[in-house]
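Good morning, and thank you for the time.

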Amino acid sequence: MDRYALTQAIEDAMDDKGLTYKEVADGVGMSPVFVTAALLGQMALPEEAAAKAADMLGIPEAKKGLAKIPSRGSLGMDVPTDPLIYRLYEIVQVYGTTFKKLIEEEFGDGIMSAIDYDMEISRKPDPNGDRVQIVMSGKFLKFKKY
């Protein structure tokens, strides 16, 4: 089963079983962000977690695909068109240079890792309408001088 077909099968199984991404993550004992990324084809689950997820979903053939190293960042478009994803893209377009300058002032010449990386998404109650809170934390990696 190719990755696109596997993602569709996973989404269909979740709908049929009434499962949420958080429930699947709880079932495999890993972060909801990481498991969701894996179910959507952007991360590889450890074999044991892939087996648990495949079992929860009722898709035995998903075990192999969920443990396979994916081609990451493959949205299939240059500029995302989904409104929520586009807004995140827009934040980087508007504030990306600000992130870069402030990180460089604090840490020096380098990057924030997207490999040694954590992310949490939560709801923050607000009287003017609940807010989405995204907290990202990545290891700082200095550029090597040689």
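Predicted model: local features only at pLDDT ≥ 70, side-chain atom pairs only at ≥ 80, totals over all residues.

**The nonpolar core**

The largest nonpolar core comprises 19 residues, and those with the most contacts inside it are Ile10, Val35, Leu39, Leu45, Leu57 and Leu66. A nonpolar core here is a set of buried Ala, Val, Leu, Ile, Met, Phe, Trp, Tyr and Cys residues joined through side-chain atoms within 4.5 Å. The elements giving two or more residues to this core are α1, α2, α3, α4 and α5 (62-67), and α4 gives the most, with five residues. Helices (H or I, at least four residues) and strands (E, at least two) are DSSP runs, numbered from the N terminus.

Residues are numbered from 1 along each chain as its sequence is written, and side-chain values use heavy atoms, with hydrogens and water left out.

Leu45 touches Met30, Phe34, Val35, Ala38, Ala50, Ala53, Leu66 and Ala67, residues up to four places away in sequence not being counted; contact means heavy atoms within 4.5 Å.

Which residues of helix α2 are buried? In α2 (residues 21-28) they are Val24, Ala25 and Val28, where buried means under 20% relative accessible area, exposed over 50%, and partly exposed in between (1.4 Å probe, protein chains only). They lie on the same side of α2, because they cover an arc of only 100° around the axis; the arc is that of the directions from the helix axis to the C-beta atoms. The buried residues of α2 pack against α1 (3-17), α3 and α4 (47-57). Just after α2, Gly29 takes a positive phi of about 75°.

In helix α3 (residues 32-39) we find Thr36, which counts as buried because its relative accessibility is 19%. The Thr36 side chain reaches the backbone oxygen of Pro32 at 2.7 Å. That is a polar contact: a pair of N or O atoms within 3.5 Å, where within protein one must be able to donate a hydrogen and the other to accept it, and residues adjacent in sequence count only if both atoms are side-chain atoms.

**Ser113**

Ser113 belongs to strand β1 (residues 110-124) and is buried, at 5% relative accessibility. Its side chain reaches two backbone nitrogens, that of Ile115 at 2.9 Å and that of Asp116 at 2.7 Å. Leaving aside residues up to four places away in sequence, Ser113 touches Gly138, Lys139 and Leu141.

**Aromatic pairs**

How many aromatic pairs does the structure hold? There are two. Rings of Phe, Tyr and Trp (its six-membered ring) pair if their centres lie within 6.5 Å; planes under 30 degrees apart count as stacked, over 60 as edge-to-face and the rest as tilted.

Tyr86 and Tyr89 have ring centres 5.9 Å apart and planes at 40°, so this pair is tilted. Both lie in helix α6 (residues 83-107), three residues apart, about one turn of the helix. Tyr86 is partly exposed at 29% relative accessibility, and Tyr89 is partly exposed at 27%.

For Phe107 and Phe140, the ring centres are 4.9 Å apart and the planes at 20°, so that pair is stacked. The pair links distant parts of the chain, with Phe107 in helix α6 and Phe140 in strand β2 (residues 131-142), 33 residues apart. Phe107 is partly exposed, with a relative accessible area of 45%, whereas Phe140 is buried at 19%.
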